[in-house]
Amino acid sequence: MELHQMRYVAYVGRLGSVGRAAEELYVTRQAVSRAVLSLEKELGIEIFDRSRRMQPTEAGNEVLRHIDVVLREVDTIGLFARQYADKCGQATVVNVAFKSFPLDYLYFSEHHRIVELVKQFEKRTRECEIATFKMSDTSILNAVADGVIDVGFVQGAYEKPQVKVVPVDTMETRAITLKGQPLCAKEPLSLDDFRGVPLRSPFDFDLYTRRFIDRCCARGFEPIYREVPLNDEGINEFCRAGGVHFQPYAPAMRERYAESAFMALRPEDRDDLPLCMVYREDATNGLVPLLVEFVRNGVGR
């Protein structure tokens with residue numbers, strides 16, 4: 001059971017529609033449906049009655065009540081921590097969130113420019129303490145809008161009321177499988193190479209996924225997406241069976257995942273999304289505009 005599943009289910013319960021929940025969360029309908037079905041399967045409970053336009057079942061109402069309690073508690077943790085730090089006279093904390101997956105390589109690539117700049121700012125600013133978090137794009141955008149996260153880095157140029165979105169890098173997206181799979185011999189790949197191939201994208205990598213589906217449909221076929229556990233073992237098993245998954249690529253990943261093949265797409269079929277810095281221009285934390293300017297100036301050098 002994961003927080004994003006509970007949050008998506010809560011939105012469907014509140015809005016009464018998968019489509020409306022997807023629009024509110026800035027994710028795909030497919031992502032919301034997967035979250036609902038996955039949680040129902042895990043709990044062994046039908047949360048919504050599909051014949052009544054996603055109305056909660058009797059058991060579903062009880063599940064939703066508990067989910068609301070959990071989400072309220074989660075949302076208050078960050079506020080409590082910041083209030084406690086202020087009371088104790090500690091250094092000013094700047095909460096910085098990176099997209100969890102597929103940008104985990106930001107954490108094992110010490111040479112990534114954005115990570116270096118955030119660390120440099122903390123080192124140079126005596127009163128600053130950086131607290132880092134790994135979250136989904138949607139969670140980051142919501143947390144920044146709510147003032148729980150000060151600065152975030154997300155994959156794609158989202159639009160969110162009250163949130164400023166600034167591109168700071170471009171991330172190449174590659175098709176990834178295990179070495180020795182037949183598709184590896186075709187690199188660089190075209191969209192047509194994915195006909196009939198099982199595919200997966202990270203759960204919240206929805207901007208890329210939506211555009212990929214549209215581009216494939218324009219070529220006359222609909223890509224085949226599969227739900228795969230979000231861990232190395234599950235992804236490797238999926239790839240051994242001929243599957244392919246997509247995620248942003250950095251050269252450092254080759255050393256970390258030596259058994260994987262990171263296959264480039266042909267120039268005409270690439271769709272590289274920007275890595276964007278998100279924040280509120282009216283942030284009450286005085287260090288936020290300083291960090292934002294430091295990162296923007298550093299990227300521009």
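Welcome! One cavity of 30 Å³ or more is found in this structure, where a cavity is a set of points on a 1 Å grid over the protein atoms alone at which a 1.4 Å probe fits but cannot get out. The model is predicted, so local features need pLDDT of at least 70 and side-chain atom pairs count only at pLDDT 80 or more, while totals for chains, interfaces and linings use all residues. Residues are numbered from 1 along each chain as its sequence is written, and side-chain values use heavy atoms, with hydrogens and water left out.

**The cavity**
- The largest cavity holds about 30 Å³ of space, a volume being the space filled by probe spheres set on the grid points.
- Its lining (residues with an atom within 4 Å of a point) includes His 4, Tyr 8, Leu 25 and Asn 142.

**Aromatic rings**
- Seven aromatic pairs occur in the structure, with rings of Phe, Tyr and Trp (its six-membered ring) pairing if their centres lie within 6.5 Å.
- Tyr 249 and Phe 262 make a tilted pair, because their ring centres are 5.5 Å apart and their planes meet at 45°; planes under 30 degrees apart count as stacked, over 60 as edge-to-face and the rest as tilted.
- Tyr 249 is buried at 11% relative accessible area, and Phe 262 is buried at 4% (buried means under 20%, with a 1.4 Å probe and protein chains only).
- One aromatic cluster is formed by Phe 194, Phe 212, Tyr 225 and Phe 246.

**Charges over rings**
- Arg 174 has its charged end over the ring of Tyr 249, 4.1 Å from the centre (for Arg, CZ must be within 6 Å of the ring centre and within 35 degrees of the ring normal).
- Arg 14 lies over the face of Tyr 11, 4.8 Å from the ring centre.

How values were computed: Buried < 20%, exposed > 50% of the residue type's maximum accessible area, 1.4 Å probe, protein only. 1 Å grid on protein atoms, 1.4 Å probe; cavity = no way out; pocket = protein on both sides within 12 Å on 5 of 7 lines; lining within 4 Å.
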